[in-house]
Amino acid sequence: MIPRLNFKNQQKSKSEVSIFLEELTKTAFSGEIRSDFGSRLITSTDNSIYQILPQAVVFPRISEDLVHLFKLANQEEFRTITFSPRGGGTGTNGQSLSTGIIVDCSKYMNQILELNLEAGWVRVQPGVVLDQLNAYLKPYGVFFAPTVAPSNRATIGGMINTDACGKGSRIYGRTSNHILELAWVLSNGTVGNSHTINKTTLAELKQHSGRLGKIYRQVEEIVSSKWELIEQTFPKIPRFMTGYNLAKVYSPAENNFNLNWILAGSEGTLAFISEAKLKLTPIPKYKQLLVIHYSCFDHALKAAQTLLELQPEAIETIDEKILELAKQDEIYEYVKEFIADAQVINLVEFAVDDLEDFQQKISKICHLIESKKNQPQQATGYYLAKNGEEAASLWELRKKGVGLLENKKGKRKPIAFIE
Ligand SMILES: Cc1cc2nc3c(=O)[nH]c(=O)nc-3n(C[C@H](O)[C@H](O)[C@H](O)COP(=O)(O)OP(=O)(O)OC[C@H]3O[C@@H](n4cnc5c(N)ncnc54)[C@H](O)[C@@H]3O)c2cc1C
């Protein structure tokens with residue numbers, strides 16, 4: 001959202017923040033410190049309806065900067081100052097906004113640190129953008145599988161903290177399914193890292209003095225004592241992402257405990273992620289995108305249930321509202337032939353390694369659509385994308401969905417505010 005400029009009486013930073021920033025310059029903090037109105041204004045919005053002006057923005061360069069920052073913040077006189085990590089600022093719920101200090105890791109902490117193809121992982125800083133990571137990995141035939149529509153801006157830190165997932169989540173799951181290890185800094189400057197551990201290691205970690213030991217003791221106590229309640233309450237659906245994912249932290253049966261399940265999706269409320277070791281997935285050999293046409297939304301939704309049985313990588317419905325709005329957008333020129341006169345479409349993508357099996361599957365669906373096309377409630381036609389370019393344009397249409405709604409002309413505009 002474009003920031004409004006009339007933040008009355010807020011253009012000057014509060015004095016405690018000014019003192020804090022002054023003190024920060026005296027530490028070994030090597031990052032950038034900004035309290036000018038312009039920098040604050042830029043970080044006062046994300047993709048939500050909220051606009052909150054922070055007091056300052058800091059840009060750490062290295063993990064140690066976070067330690068210096070939070071050690072200082074932990075001093076008694078600065079305890080009232082709040083901090084919010086920020087990545088690409090594409091969050092749709094104002095998660096990265098704060099009246100305190102924004103800690104933006106997208107500017108400098110955006111390096112890919114290490115790749116281990118044999119072991120199947122990559123180690124990155126949190127400010128690495130998803131498209132940047134996948135462009136780097138592509139020549140090696142692997143990718144980071146979870147995705148989000150604004151993949152050219154969203155960072156790994158933001159994806160971890162929203163447990164993001166998008167197209168392909170049916171097969172690949174969410175970001176938390178692809179985290180091997182996280183390094184983090186707590187609000188008092190304590191550093192730690194988390195990965196799957198067994199009961200013996202957990203018992204050792206619980207003995208630690210200070211905040212680390214307390215965290216392990218407390219989390220284990222909660223998940224053990226409330227195990228039944230957690231089992232009953234947490235929905236067993238793949239895209240659930242509300243609150244801390246306590247259901248996954250501890251598995252007594254498998255003898256493993258992993259804090260990453262609650263760090264993922266914690267929206268920066270538990271720790272600042274300073275590094276992530278992520279699982280790599282082989283890029284599927286073949287992909288094919290099928291555009292199925294419908295005359296109404298309900299028919300497209302109903303058909304999705306049957307289409308799911310064919311195990312597509314992704315299936316997304318684009319309704320009449322978005323298709324109508326797309327007509328005023330440049331993307332329409334690229335996709336209009338594939339949509340023809342459909343009111344609603346289902347984009348169905350398959351990703352496989354076995355070409356023969358794949359071709360059989362596709363021709364079976366096309367044949368089915370063709371044979372039923374004049375029957376009530378059935379698809380009215382289909383288009384099979386001929387190449388990656390056509391498929392990319394169609395997915396671009398899907399990615400533009402939220403933006404198209406927001407650009408609707410006139411006074412009445414849909415506002416996205418619940419995710
Ligand atoms: C058009 C559009 C479509 C979208 N589609 C999807 C989608 O398909 N699926 C989906 O899941 N989301 C989607 N989103 C939401 C958003 O893109 C994701 O939530 C994304 O993961 C946010 O990444 P970011 O880098 O922009 O994070 P930000 O918005 O900057 O931050 C998100 C949260 O992460 C925290 N955070 C960031 N970095 C760190 C760090 N290093 N340590 C600790 N906390 C940190 C922030 O404090 C905040 O709570 C969409 C957004 C837009 C605008």
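## Buried or exposed

A residue counts as buried when its relative accessible area is under 20%. Phe-338 has a relative accessible area of 6%, so Phe-338 is buried. Keep that cut-off in mind as you look around this model, which is a predicted one.

## Aromatic pairs

Let's turn to the rings. A pair of aromatic rings is described by the distance of the centres and the angle of the planes. Searching the whole structure turns up nine aromatic pairs. One of them joins Phe-70 and Phe-272, a tilted pair with 6.3 Å from centre to centre and 45 degrees between the planes. This pair links distant parts of the chain, as Phe-70 belongs to helix 3 (residues 63-73) and Phe-272 to strand 12 (residues 272-279), 202 residues apart. Both partners are buried: Phe-70 at 6% relative accessibility, and Phe-272 with a relative accessible area of 4%.

Now back to Phe-338. The ring centres of Phe-338 and Tyr-383 are 4.6 Å apart and the planes are at 20 degrees, so this pair is stacked. Phe-338 sits in helix 14 (residues 331-339) and Tyr-383 in strand 17 (residues 381-384), so the pair ties together parts 45 residues apart in sequence. Tyr-383 also counts as buried, at 16% relative accessibility.

## Lysines over rings

Over the face of Trp-261 lies Lys-248, 4.8 Å from the ring centre. Trp-121 has Lys-277 over its face, at 4.5 Å from the ring centre.

Methods:
Residues are numbered from 1 along each chain as its sequence is written. This is a predicted model: local features need pLDDT of at least 70, side-chain atom pairs count only at pLDDT 80 or more; totals for chains, interfaces and linings use all residues. Side-chain values use heavy atoms; hydrogens and water are left out. Rings of Phe, Tyr and Trp (its six-membered ring) pair if their centres lie within 6.5 Å; planes under 30 degrees apart count as stacked, over 60 as edge-to-face and the rest as tilted. Helices (H or I, at least four residues) and strands (E, at least two) are DSSP runs, numbered from the N terminus. Buried means under 20% relative accessible area, exposed over 50%, partly exposed in between (1.4 Å probe, protein chains only). A charge sits over a ring if NZ of Lys or CZ of Arg is within 6 Å of the ring centre and within 35 degrees of the ring normal.
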